[in-house]
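Q: Got a model here that I want to walk through. Can we take it piece by piece?

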Amino acid sequence: MQLDLAARDGRWKVLCNYDGSEPQLYDLDADPGESRDVAAGQPGVAARLAKAAAAWHASMPKDKPAEPEGKKPKPAPPKNAFVNPIGEGADPWVVQDGARYLWCQSEGNRAIAIWATDRLTSLGERHVVWRAPRSGPYSREVWAPELHKIGGRWHIYFAASDGRNENHLAYVLKSETADPLGAYTLHGPLYTGDDPAGKDGNVWAIDMTPLDHGGQLYALWSGWDAPGTDRQFLYIAPMRDGTATAGPRVRLCANDDYLWERTEERDGSRGLNEGPQILKHGGRTFVTYSCAASWLPTYKLGLLELTGDDPLDPASWKKYPEPIFQSTAATYGVGHSCFVKSPDGREDWHVYHAKRDRDPGWRRAIFIQPFTWRADGLPDFGTPVAPGSALPRPSGEMPASAPALPFECSLQDGLQGWSYYGHHQFLAEGEDGVHLGIVPDAPINDYRCGEKLVLDGLDVADVEVGVTIRVLDGERGNGLLFRASAPSVGYDAHRGYFAGIIPTDQCVILGRMDGERWQELARADAKIERGRDYRLHVQARGPQIEVSLDGKALLSHRDAAHSRGSVGIRVVRSHAVFSDFRCVGL
C-alpha cells in the first residue's frame with residue numbers, strides 16, 4: 001500500500017495517509033530495515049505519531065494556485081541550459097569513461113545499475129549489472145555503489161546486509177572484462193575491523209571509496225567504532241588490491257569536533273561522519289565527508305586535507321573548522337557528493353543529493369552544479385542551486401541529437417534516446433511496453449513526482465504524436481507531453497503541454513505547465529476503463545491543439561503559451577503501460 005507521509009520520533013517511525021489514517025509503525029531500534037509493522041501492538045504510539053504527521057501536513061503551504069487566465073507564462077530557459085534536479089536518487093556517483101559518463105546507482109536496494117550517457121545533465125540509459133541474491137548476508141540494503149577503474153578492470157564498491165542495518169559490510173564487484181556494462185564477479189566482504197591479521201571481528205561499514213596515494217591503494221569508509229554502537233566515524237586501511245584490504249583500520253578523526261557535525265547540531269547530540277569522497281587538485285588531496293543527520297535538512301559537507309606523508313596516521317589529516325557546503329532555504333539536506341570534469345575537461349562539477357521535503361526521511365534527488373577553487377587552494381562549492389533554476393550546460397556538452405521524424409518506438413526494446421525524470425523504482429521495461437508509475441512490492445524511500453520520459457534532443461513546433469496507453473492503477477492523469485522543454489524531477493517541472501486520460505474522472509484532459517504550476521485548459525467526458533488499451537493522439541499546429549482518443553476527436557483548444565519543444569509520456573500518481581509511440585513533424 002502506498003502511503004503519503006512519514007514521521008520519526010526517536011525509535012519510532014510512522015507511515016500514514018495525509019489525514020493520518022491507516023498508520024504503519026516501525027521500531028527502528030529493533031527493526032532498522034522497516035520490515036515489521038507493529039501498529040497493532042502499539043496503537044497509542046501509532047495514533048499519536050500519525051496525528052502529528054497529519055497536523056504537520058495540514059500546516060504546510062498548499063500547492064501554488066493555477067495561473068490566472070491570460071497571465072503570460074514564464075519563458076523557457078535558453079537552449080544551452082538545463083534545470084536541476086536532473087534525476088531521482090541518493091548517494092550519486094558518476095565517472096567519465098572516454099566520451100561518456102557512467103552513473104552508478106542502487107536499484108531499489110536490491111541491485112546495482114549503471115546508466116550510460118554522453119551528457120552530464122542526463123542519466124541516460126539504464127543497465128542493471130548485478131542483482132542481489134534472494135537471501136543471505138548481502139541480499140538487502142544495497143547502498144551507495146561507486147564505480148572505479150583500477151588496474152584495467154572496473155570495480156563497484158557498495159555496502160549490503162541481510163536486511164538488518166547492523167549487519168552492513170563492504171563488498172566489491174570486479175568486472176570480468178574491460179567493459180563496465182558487462183559481467184561482474186563479487187568479492188568480499190572486505191575486512192573493516194581492528195584485527196591486525198584481518199580475520200576476526202569484522203565491523204559495520206558503508207560508503208567505501210578508494211584512494212591512490214603515492215602508488216599505494218587505500219580504502220576509506222564510514223564505520224561503527226564497535227559492533228552494534230551505531231556511532232559512525234571515518235576509517236582508512238591499506239589495500240592489497242582493488243578487492244581486499246591489507247591491514248586493520250585506522251580512525252581518521254573524531255566525529256563531533258564541531259556542533260555542525262552532530263545530528264541535531266547541539267550539545268548532547270551525537271556526531272556522525274559518512275560518505276568520504278576524494279578530491280585532488282594542485283598536488284593536494286582533500287576528502288569531503290557528509291555529516292549531521294542524513295534524514296534531516298541539516299545534512300552538509302565537511303572537509304579534511306591530507307597534510308602529512310602517511311595517510312594511515314591520523315596526525316596527517318587536517319579537519320577544517322567550517323562546513324564546506326550546506327543547505328539553503330530552497331535546497332536542503334545536501335550531501336554525499338562526488339566530483340567530475342565537464343566533457344572538455346575545463347570545468348569542475350559537483351554532484352550531490354538533496355532532500356525533497358523537510359520532514360525526517362530519505363527521499364532525495366540528484367543535483368549538479370559547477371565549482372571553482374579559492375586563492376588558498378580550497379574548493380569553493382558556493383551554495384546549492386535552487387530546484388527549477390536554469391544553469392548553463394557543462395563546458396563542451398552538446399545537446400542530444402534530435403531523432404529523425406517520423407519517429408516510431410515500440411517502447412518494448414529499450415529506452416535509448418529517452419531521459420527519465422522520476423524515482424527509479426517507478427520505471428520498468430516489459431514485453432508489453434514501458435511501465436511508468438509502477439510501484440514495487442517493497443518501495444524504499446520512494447516519492448511520487450509525476451514520472452515522465454522525455455525524448456532527447458527534439459525541438460519541434462508543429463507536431464502529431466500518439467501513444468497506446470493501458471492504465472493499471474492510480475487516480476490521476478496518464479498521457480502525452482508535447483512542446484516540452486527544460487524537464488527536471490517534479491510534477492510540473494517542465495514547460496509545455498500535457499494531454500491525458502483520467503479513469504477516476506472519466507475524462508480526457510489538456511493542460512499546460514510553466515516549470516512550477518499546472519493550469520487546466522480543457523477537458524471532455526470519455527469512458528476510461530482500467531486494463532484496456534487506448535490510443536491517445538495529439539495534433540499541435542500553431543496555437544491550435546486537437547486531442548483524440550481511439551480516433552474520436554474530443555478536444556479542440558487554442559493556446560500560444562509554448563511554441564516548440566520535445567515530446568514524451570507522463571503519469572501523475574498512476575501506473576500505466578505505454579507502447580507504440582509515434583511522433584510526426586507537420
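Q: Let's start with Glu261. Which residues does Glu261 touch, not counting residues up to four places away in sequence?
A: Glu261 touches Ala254, Asn255, Asp256, Arg270, Gly271, Leu272, Asn273, Tyr289, Cys291, Ala292 and Lys319. Contact here means heavy atoms within 4.5 Å.

Q: Before I go on, what kind of model is this?
A: This is a predicted model, where local features need pLDDT of at least 70, side-chain atom pairs count only at pLDDT 80 or more, and totals for chains, interfaces and linings use all residues. Residues are numbered from 1 along each chain as its sequence is written, and side-chain values use heavy atoms, with hydrogens and water left out.

Q: OK. Is Glu261 buried or exposed?
A: Glu261 is buried, at a relative accessible area of 0%. Buried means under 20% relative accessible area, exposed over 50%, partly exposed in between (1.4 Å probe, protein chains only).

Q: Where is Glu261 found?
A: In the loop between strand E18 (250-251) and strand E19 (273-281). Strands (E, at least two residues) are DSSP runs, numbered from the N terminus.

Q: What about the backbone nitrogen of Asp257?
A: The backbone nitrogen of Asp257 lies 3.0 Å from a polar atom of the Glu261 side chain.

Q: Switching to sheets. What is the strand order in the open sheet of four strands?
A: E6-E7-E8-E9, with antiparallel pairing. Two strands pair if DSSP finds at least two bridges between them.

Q: Which strands are at the edges?
A: Strand E6 (94-97) and strand E9 (125-131), each pairing on one side only.

Q: How do E6 and E7 pair?
A: E6 and strand E7 (residues 100-106) are antiparallel over four bridges. Gln96 stands opposite Tyr101, and Asp97 opposite Arg100. The two strands form a hairpin with two residues between them, and Gly98 in the turn has a positive phi of about 65°.

Q: Now E15. Why call strand E15 largely enclosed?
A: Because eight of the nine residues of E15 (residues 216-224) are buried.

Q: How many bridges join E14 to E15?
A: Seven, between E15 and strand E14 (residues 205-213), running antiparallel. Ile206 stands opposite Ser222. E14 and E15 also form a hairpin with two residues between them, where Gly214 in the turn has a positive phi of about 60°.

Q: And what about E15 with E16?
A: E15 and strand E16 (residues 232-241) pair over seven bridges, in the antiparallel sense. Tyr218 has Pro238 as its bridge partner in E16.

Q: Last topic: which residues line the largest cavity?
A: Among them are Trp115, Arg126, Trp418, Tyr420 and Leu453. On a 1 Å grid over the protein atoms alone, a cavity is a set of points where a 1.4 Å probe fits but cannot get out; lining residues have an atom within 4 Å of a point.

Q: Which strand gives the largest share of that lining?
A: E29, with three residues.

Key: A polar contact is a pair of N or O atoms within 3.5 Å; within protein, one must be able to donate a hydrogen and the other to accept it, and residues adjacent in sequence count only if both atoms are side-chain atoms. On a 1 Å grid over the protein atoms alone, a cavity is a set of points where a 1.4 Å probe fits but cannot get out, and a pocket is an open set with protein on both sides within 12 Å along at least five of seven lines; lining residues have an atom within 4 Å of a point.
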